[in-house]
Amino acid sequence: MENPDTRIQNNNDQLQLSDGASEFYSKDVEAEANSYFHKLFSGKLTTIELVHVLFRFKESPEVKNHSIYSCMIGNLFEEYKFLPKYPYKELSVVAVLLGSLIKHHLLSHLLLGVALRGVLDALHNLADTKMYLFGTKALEQYVDRLVEWPNYSRHIMQVPHLRATHPKLVVLVECALARSSSTSHSEASIDDVAPTDHHHGTSQVGNVGVVNNGI
């Protein structure tokens, strides 16, 4: 099977970014962005180290650094459709990375909604599937932010097999719901991740329509 970081490196230059526009990256930006994924999958860079790099690039006044950040985020989201084919080890790496991006506020409003929807969709897979593993592993990273999204947390609680497979995780979700009942939050537009509209194949994250099962 093709190495996941190799496929990321071979993605098209045209990526879907947080503002919905397409952007072309220079070869040096793509090369540097891809080098970080290579280091991550080869074990030369930890997930938290990569998160720190992305945070630094995102906040950098340098245009090139911000382009590297955007390129890496775009490539990661483009890769979602290939995740069911990933080996367990690499799939776990991507899950921890995506969950960490949510935890550390590294995704824009639109991409945050898409990421949350993608994790929720993954949780609805059968408990013995790789994508269910992806969903639980990603959720574990940002469970402390669930207090911001009570309706999203309620949808998580509706996953029938989650309590049996991850009882401690369910307790954390329940605690987040209890805390959110007495707390107001500024990110109300992300708060409501609605069930999938099976007639049209889309879901609503706040005011954003998201294609089902797609990040």
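The model is predicted, so local features need pLDDT of at least 70, side-chain atom pairs count only at pLDDT 80 or more, and totals for chains, interfaces and linings use all residues. Residues are numbered from 1 along each chain as its sequence is written, and side-chain values use heavy atoms, with hydrogens and water left out.

Start with helix α5, residues 88-103. Helices here are DSSP runs (H or I, at least four residues), numbered from the N terminus. α5 has 16 residues and reaches 22 Å from first C-alpha to last. Its buried residues (under 20% relative accessible area, 1.4 Å probe, protein chains only) include Leu97 and Leu101.

Those two names come back.

Now the salt bridges: a side-chain nitrogen of Lys or Arg within 4 Å of a carboxyl oxygen of Asp or Glu. The count is seven. Take aspartate 28 and lysine 64, with closest N and O atoms 3.5 Å apart. Aspartate 28 lies in α2 and lysine 64 in α4, so the pair ties together parts 36 residues apart in sequence. Lysine 81 also bridges to glutamate 78, at 3.6 Å. Lysine 81 is exposed, at 54% relative accessible area, where exposed means over 50%.

Conventions. Helix = DSSP H or I, 4+ residues; strand = E, 2+ residues; numbered from the N terminus. Expected span 1.5 Å × (residues − 1).
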